[in-house]
Amino acid sequence: MLLLLLCVGLTLVGANKKVVCNVDRDNFDVSKVSEKWYSVLLASDVREKIVEGGSMRIFVEDMDVLQNGSLYLNYHFKENGACSKFSMVCDSTDKSGCFQVEYDGHNDFCIVETNYCDYLMFHLRNEKLGEHYQTMELYSRTPDASRRLKRRFERECMKRGIPKENVLDLTKVDRCNQDRESV
């Protein structure tokens with residue numbers, strides 16, 4: 001009986017603990033971005049890069065921080081109607097939450113904002129053969145994000161010169177989620 005009371009008491013104490021998810025805009029703890037994510041919104045000042053068939057129309061599956069601070073990312077993309085998976089390793093830089101990777105040119109990208117529990121915003125700058133463009137990405141721990149968060153993302157895009165009409169809602173397209181769930 002005493003053991004049963006102890007178990008009930010510990011359960012009640014544990015139920016009162018809440019995970020605190022504060023918004024972080026600098027000094028990022030990248031170890032907290034590991035695990036599963038979903039691509040929710042995608043934006044670019046060069047729309048061709050993010051529409052169907054564009055090189056940056058990729059859908060995140062998960063990420064992991066390696067021991068050296070690099071970021072290991074798994075993505076899906078659609079080609080000829082079929083989903084394919086690919087991975088990339090992004091090297092960390094001296095700036096907190098910033099990485100670089102060679103993919104369709106040279107990319108420098110940084111975390112703009114996150115609360116680690118629910119969402120993550122990235123800003124990316126690409127340079128290829130003297131041409132430049134930028135993208136913004138909103139990832140969520142769930143397949144969709146709140147309307148309020150989506151509006152905040154749109155404002156971040158507009159601050160960087162990306163027009164609202166170049167913000168694509170990926171929750172309305174096939175993000176190859178069936179492939180990620182079967183793995």
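Predicted model: local features only at pLDDT ≥ 70, side-chain atom pairs only at ≥ 80, totals over all residues.
Glu61 belongs to strand β3 (residues 59-65) and Lys85 to strand β5 (residues 82-92), so the pair ties together parts that are 24 residues apart in sequence. Lys85, for its part, is partly exposed, with a relative accessible area of 41%.

The structure holds 12 salt bridges, and another of them joins the side chains of Asp104 and Lys128 at 2.7 Å, N to O. This pair links distant parts of the chain, since Asp104 sits in the loop between β6 (98-102) and β7 (106-114) while Lys128 sits in strand β8 (residues 119-128), 24 residues apart. Asp104 counts as partly exposed at 21% relative accessibility, and Lys128 is also partly exposed, with a relative accessible area of 34%.

In helix α2, the side chains of Glu156 and Lys159 form a salt bridge of 3.1 Å, N to O, and because these residues are three apart in that helix, about one helical turn separates them. Glu156 is buried, with a relative accessible area of 10%, whereas Lys159 counts as exposed at 63% relative accessibility. Beyond such pairs, a network of salt bridges links Asp144, Lys150, Asp169 and Lys172.

Helix α2 (residues 147-159) also contains Arg148, which counts as exposed at 61% relative accessibility. Together with Arg147, Arg151 and Arg155, Arg148 forms a positive surface patch.

How values were computed: Residues numbered from 1 in each chain as written. Heavy atoms only, no water. Patch = residues over 30% accessible without salt bridge, like charges linked within 9 Å, V, L, I, M, F, W, Y side chains within 5 Å. Areas by Shrake-Rupley, 256 points an atom, 1.4 Å probe, with all protein chains shown as cover. Salt bridge = Lys/Arg side-chain N within 4 Å of Asp/Glu carboxyl O. Lys, Arg positive; Asp, Glu negative; His and termini not counted. Charge placed at Lys NZ, Arg CZ, Asp CG, Glu CD. Helix = DSSP H or I, 4+ residues; strand = E, 2+ residues; numbered from the N terminus. Buried < 20%, exposed > 50% of the residue type's maximum accessible area, 1.4 Å probe, protein only.
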